Amino acid sequence: MQAWQVHENGEPSEVMRLEEIARPEPGEGQVLLKVRAANINFPDALLCRGQYQVRPPLPFTPGVEICGETEDGRRVIANPALPYGGFAEYAVADARALLPAPDALDDAETAALHIGYQTGWFGLHQRARLQEGETLLVHAAAGGVGSAAVQLGKAAGARVIGVVGGPDKAKVAQELGCDVVIDRRSDDVIAAVKEATGGHGADVIYDPVGGDAYKQSAKTVAFEGRIVVVGFASGSIPSPALNHALVKNYSIMGLHWGLYAQKNPKLIPHCHERLTELAARGAIKPLVSDRVDLADAPAAVQRVADGVTTGRVVVVPGLNARTEGAAA
């Protein structure tokens, strides 16, 4: 089979090599899956760089989230078991962790439903307890993680403020349903949030960015508000001033979604049921901005790493062949 292999750490576009390798052999409790689509996540770039909390042995295939097909033809959602990741024609995954693919979504949308939306659901509901009528501020609202949080916030009945970088991303955030869109490149984020909330601030802030975004969060969070820290896409990990949290009465909440698989695994299928219901009634739908063939995976992973994409970019093995066949 064909698979992208990383033999040394570095930038995805430089270290991913397309190779012909043997299909992986499932271990005990694992299944072999045909990859129908593999969603690109920022951790895939961190894996290539050797900067992720999990460091698989070299060589490995990145790709942490797929829509796969079992030997009996079922469509499923899976997190491949590294080093046999999803940027390949086949991957392996733990059988107990497979989730049914929603009928309402195609393969690429299904591949993009799992990590980002589970993170959003756990962050907004399990951790921050977002309530109907509250104001939710989402940083990087047009990105993969942010767009999921926007949709989930709207589905929960919140008023959503989206912070983005640039007019193109502002347009995407508006189309996603943000009630207020703030362009951090041209607007004063702090002043704009205060104006949009009548000085109240945001009740819940969803931050996958860190750095300056966190500083803005601390200055715009409401009394008894909750800042949910889900990542550091900016590359800068902030150092919160806890005296400020004390004086202003707000909470800083960390969210490591993967930890639930160890500490409370029953919540993951419960969350998936909720997401499936929301997808069935059209309340959520992953924003897949680009579908690329397996051959184009490294450039696509690099674009996600560089922060120039909107929504989700999904690798679909055999896409070029299907496109050429349709054109013929």
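**View 1. Helix H6 and its packing partners.** The buried residues of H6 pack against H5, strand S9 (159–164) and strand S10 (180–183); contact here means heavy atoms within 4.5 Å. Helices (H or I, at least four residues) and strands (E, at least two) are DSSP runs, numbered from the N terminus. This is a predicted model, in which local features need pLDDT of at least 70, side-chain atom pairs count only at pLDDT 80 or more, and totals for chains, interfaces and linings use all residues. Residues are numbered from 1 along each chain as its sequence is written, and side-chain values use heavy atoms, with hydrogens and water left out.

Look within H6 (residues 167–176) for Lys169, Ala170, Val172, Ala173 and Leu176, which are buried (buried is under 20% relative accessible area, exposed over 50%, partly exposed in between, with a 1.4 Å probe and protein chains only). They lie on the same side of H6 because they cover an arc of only 160° around the axis, the arc being that of the directions from the helix axis to the C-beta atoms. The face turned away from this buried side carries the exposed residues Pro167, Asp168, Lys171, Gln174 and Glu175. Just after H6 comes Gly177, with a positive phi of about 115°.

**View 2. Helix H11 and its buried side.** H11 (residues 267–280) has 14 residues and reaches 20 Å from its first C-alpha to its last, close to the 20 Å expected at 1.5 Å a residue; the expected span is 1.5 Å times one less than the number of residues. Its buried residues are Leu267, Ile268, Cys271, His272, Leu275, Leu278 and Ala279. These cover an arc of only 135° around the axis, so they sit on the same side of H11. Their cover includes strand S5 (75–78), strand S7 (99–100), helix H4 (114–127), helix H5 (144–155) and helix H10 (260–263). Following H11, you will find Gly282, whose phi is positive, near 75°.

**View 3. The crossing of H4 and H11.** The axes of these two helices come within 10 Å and cross at roughly 100°; they are lines fitted to C-alpha atoms, for helices over the stretch in contact, and angles run from 0 to 180 degrees between N-to-C directions. H4 is therefore roughly perpendicular to H11, a term for angles of 65 to 115 degrees. On H4, the contact is made by His114, Tyr117, Gln118, Trp121, Phe122 and Gln126, and on H11 by Leu267, Ile268, His270, Cys271, His272, Arg274 and Leu275.

View 4. At 4% relative accessibility, His272 counts as buried. Its side chain reaches the backbone oxygen of Pro100 at 2.8 Å. Leaving aside neighbours within four places in sequence, His272 is in contact with Ile77, Leu99, Pro100, Pro102, Leu113 and Gln118.

**View 5. Thr61 in its loop.** Thr61 is found between helix H2 (42–49) and strand S4 (66–69), and is buried, with a relative accessible area of 2%. The Thr61 side chain reaches the backbone oxygen of Trp4 at 3.0 Å. Beyond its neighbours within four places in sequence, Thr61 is in contact with residues including Ala3, Gln5, Tyr84 and Phe87.

View 6. Phe232 is partly exposed, with a relative accessible area of 33%. The C-alpha atoms of Phe232 and Gly211 are separated by 7.3 Å, though the two residues are 21 residues apart along the chain. Not counting residues up to four places away in sequence, Phe232 touches Pro208, Val209, Gly210, Ile237 and Pro238.

Methods:
Polar contact = N/O pair within 3.5 Å; in protein donor to acceptor, adjacent residues only side chain to side chain. Parallel < 35°, antiparallel > 145°, perpendicular 65-115°, else oblique.
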